[in-house]
Amino acid sequence: MTEPLWLEPYPDAMLEGVAHAALGPEARYETREAVALAFVAGLQHLPPRQRAVLVLRDVLGLRAAEVAGMLDASEASVNSALQRARATLDARLPASRDRAPLPRSARERELLGRFADAFEDGDIDSVVALLTDDALLTMPPQPLEYQGHEAIGAFLVDRFATHAGRRVRLVPTRANSQPAFGHYIEDPHAPVARFFGVLVLTLEGNRIAAVTRFGDTAILSRFGLPRTLGVDD
């Protein structure tokens with residue numbers, strides 16, 4: 001069978017069925033944490049088969065037999081792939097990972113507001129200051145990875161220099177049960193800002209542990225994002 005090389009971001013509206021309505025706030029939050037782990041950490045660092053098993057078993061809660069049938073594999077190989085995937089994630093995540101703010105909480109809104117203001121202003125120092133020391137910036141399916149303040153800061157300086165003088169806009173959305181933004185950059189030849197991608201943020205405590213950029217315009221319709229914005233909107 002053909003295996004996916006990477007997964008695209010999922011709008012939160014498409015994940016509403018993951019957490020059962022009868023679950024309490026803590027259980028729903030733990031589910032969101034699991035979805036974030038599988039779709040963001042797993043997205044970047046797991047082989048395709050392990051990634052698929054992790055999502056189907058730990059996120060969607062399918063039984064090993066069901067996953068084996070879907071992947072045309074044995075239950076033993078599914079369980080083995082799940083164990084390896086979990087071990088890989090455990091090795092990459094900080095042992096003292098702080099709990100992310102509750103989704104849509106005042107604490108989350110404050111952090112996202114600071115990020116959006118700094119990013120739209122091109123204030124790279126302030127953006128970097130919001131990141132954890134080992135923060136990761138990736139842009140799947142491109143094999144590019146920048147980790148830590150120095151590497152991410154240098155990348156942002158270079159990218160912002162390519163559109164100097166053009167307005168940057170961020171439109172809030174949510175993906176993979178995490179905060180996200182539609183990213184727009186002003187067109188130098190027309191009074192509009194054009195879609196440049198979706199930025200998905202992984203939060204850790206009061207800081208940002210990862211920024212994942214998805215630039216495929218095909219995802220626009222899923223998120224209800226426009227292709228262009230009026231620069232004065």
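Exposed here means over 50% relative accessible area, buried under 20%, and partly exposed in between, with a 1.4 Å probe and protein chains only. I am working on a predicted model, in which local features need pLDDT of at least 70, side-chain atom pairs count only at pLDDT 80 or more, and totals for chains, interfaces and linings use all residues. Residues are numbered from 1 along each chain as its sequence is written, and side-chain values use heavy atoms, with hydrogens and water left out.

**Helix H7**

I looked up the buried residues of H7 and noted Ile152, Gly153, Phe155, Leu156 and Phe160. Viewed down the axis of H7, they fall within an arc of 165°, so they line one face of the helix. The arc is taken from the directions that run from the helix axis to the C-beta atoms. I recalled the general rule: an α-helix has 3.6 residues a turn, so residues three or four places apart point the same way.

I then checked the length. H7 covers residues 149-162, and its 14 residues should span 20 Å at 1.5 Å a residue. The expected span is 1.5 Å times one less than the number of residues. The end C-alpha atoms are 20 Å apart, which agrees.

What covers the buried residues of H7? I listed helices H5 (106-121) and H6 (124-129) and strands S1 (131-139), S2 (142-147) and S3 (168-175) among the cover. Contact means heavy atoms within 4.5 Å. Helices (H or I, at least four residues) and strands (E, at least two) are DSSP runs, numbered from the N terminus.

**Strand S1**

Next I went to S1, which is mostly covered: seven of its nine residues are buried. S1 pairs with S6 (residues 207-214) in the parallel sense over four bridges. Two strands pair if DSSP finds at least two bridges between them. I traced Leu137 to its bridge partner in S6, Val211. S1 also pairs with S2, in the antiparallel sense, over four bridges. There I traced Leu136 to Gln147 as its bridge partner in S2.

A hairpin of two residues joins S1 to S2. Pro141 sits in this loop between S1 and S2. I checked the peptide bond from Pro140 to Pro141 and found it cis, with omega near 10°.

**Cavity**

How many cavities of 30 Å³ or more does a search of the whole structure find? I found one. A cavity is a set of points, on a 1 Å grid over the protein atoms alone, where a 1.4 Å probe fits but cannot get out; lining residues have an atom within 4 Å of a point. Points are joined across faces, edges and corners, and the volume is the space filled by probe spheres set on the points.

The volume of the largest cavity is about 210 Å³. I counted 18 lining residues, with Phe119, Leu137, Phe155, Leu156 and Leu199 nearest the centre. H5, S1, H7, S5 (192-204) and S6 each give two or more residues to this lining. H7 gives the largest share, five residues.

I stopped at Asp72, in the loop between H3 (64-71) and H4 (75-92). Its phi is near 55°, a positive value in a residue other than glycine. Asp72 is exposed, with a relative accessible area of 71%.

Last, I took the chain totals. I noted eight helices and seven strands. Of the 233 residues, 45% count as buried. Among contacts with a separation of 6 or more, 57% come from residues 24 or more positions apart.

Note on methods. 1 Å grid on protein atoms, 1.4 Å probe; cavity = no way out; pocket = protein on both sides within 12 Å on 5 of 7 lines; lining within 4 Å.
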